[in-house]
Amino acid sequence: MPIIKTLNKKGQVKQYTQLDTNSTPQVANRVANLYKAIVGTPSQVSSYLATHSSISSALNYIEPGDKILLLNNTYTENVTVNKKCLIEGGGNNTTIRGDLVLASGSDYSTIRKLEVNGNITLNSNSSFLRNCFQSRVVN
C-alpha cells in the first residue's frame with residue numbers, strides 16, 4: 001500500500017496510509033484523519049502503514065472518544081476496553097484471538113466488523129457490538 005506524505009500547518013511531515021490502492025490521496029487522507037490509531041503487523045508499523053502493532057498499545061495511546069482501525073490481521077491478545085472509543089475491523093479477515101472485555105469506563109463504545117475468537121464480557125452500559133461474530137477454536 002502506498003504512503004501519502006503531506007505537510008501539516010506547522011510544516012511537519014505527516015504520513016498517511018492509502019488503505020485502498022484504488023482510492024485517491026484525498027480519500028486516503030480522510031481515512032487517516034478518521035482514526036487516531038491504525039493497528040497492523042510490526043512490518044506495517046515499520047513501513048508506516050500502521051501506527052501500532054497491538055490493540056492494547058493503541059488503546060493506551062488514544063483519548064476517550066477516539067477511533068481505532070484494525071487492518072486485516074489476526075491479533076493474538078486479550079483486549080480490555082476501558083474508555084469510550086470505536087474499534088473497527090478493516091475487512092473480512094480481522095480477528096481478535098483472545099478475550100474481549102468492555103470494562104467500566106467503556107460506556108458508549110462501539111466494536112464493529114471483526115471476529116472475536118474468545119470470550120466477550122460486557123461490564124459497561126450502552127456499548128455496542130456491530131457486525132461482529134464470536135467464534136471458538138475447538139482443540
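1. Two strands count as paired if DSSP finds at least two bridges between them. Helices (H or I, at least four residues) and strands (E, at least two) are DSSP runs, numbered from the N terminus. On these terms, Val79 in the model has Leu100 of β9 as its bridge partner. The pairing of β6 with β9 is parallel and comprises 3 bridges.

2. Basis of the note. The model is predicted, so local features need pLDDT of at least 70 and side-chain atom pairs count only at pLDDT 80 or more, while totals for chains, interfaces and linings use all residues. Residues are numbered from 1 along each chain as its sequence is written, and side-chain values use heavy atoms, with hydrogens and water left out.

3. Overall composition. The protein holds 3 helices and 14 strands. It has 139 residues, of which 40% count as buried; buried means under 20% relative accessible area, exposed over 50%, and partly exposed in between (1.4 Å probe, protein chains only). The accessible surface is about 8000 Å², and carbon and sulfur atoms account for 46% of that surface. Accessible areas come from the Shrake-Rupley method with a 1.4 Å probe; for residues, only the protein chains shown count as cover. Contact means heavy atoms within 4.5 Å. Among contacts between residues at least 6 apart in sequence, 25% join residues at least 24 apart.

4. The sheet of 5 strands. This open sheet runs β3-β4-β7-β10-β13 with parallel pairing. Its edge strands, each pairing on one side only, are β3 (37-39) and β13 (128-130). On average, neighbouring strands of the sheet are turned by 15° against each other, direction ignored. For such angles, axes are lines fitted to C-alpha atoms (for helices over the stretch in contact), and values run from 0 to 180 degrees between N-to-C directions.

5. Strand β7 and its two partners. Strand β4 (residues 67-70) is joined to the parallel strand β7 (residues 86-89) by 4 bridges, and Lys67 has Leu86 as its bridge partner there. With strand β10 (residues 110-112), β7 pairs in the parallel sense over 3 bridges. Leu86 has Thr110 as its bridge partner in β10. Which way do the residues of β7 point? Leu86 and Glu88 point one way and Ile87 and Gly89 the other way, and all are buried.

6. The nonpolar core. A nonpolar core is a set of buried Ala, Val, Leu, Ile, Met, Phe, Trp, Tyr and Cys residues joined through side-chain atoms within 4.5 Å. The largest one has 25 residues, and those with the most contacts inside it are Ile55, Leu59, Ile68, Leu70, Val81 and Ile87. At least two residues of this core come from each of β3, α3 (55-61), β4, β6 (79-81), β7 and β9 (100-102). Not counting residues up to four places away in sequence, Ile87 touches Leu59, Ile68, Leu70, Val81, Thr110, Ile111, Arg112 and Leu114.

7. Gly90. This residue is in the loop between β7 and β8 (95-96). Gly90 counts as partly exposed because its relative accessibility is 45%. Leaving aside neighbours within four places in sequence, Gly90 is in contact with Leu69, Leu70 and Asn72.

8. Most residues other than glycine have a negative phi. Tyr108 has a phi near 65°, a positive value in a residue other than glycine; Tyr108 is placed in the loop between β9 and β10. With 52% relative accessibility, Tyr108 counts as exposed. Lys113, also not a glycine, has a positive phi of about 60°. Lys113 is in the loop between β10 and β11 (115-116) and is partly exposed, with a relative accessible area of 39%. A reader checking backbone geometry may find both residues under the heading of positive phi.
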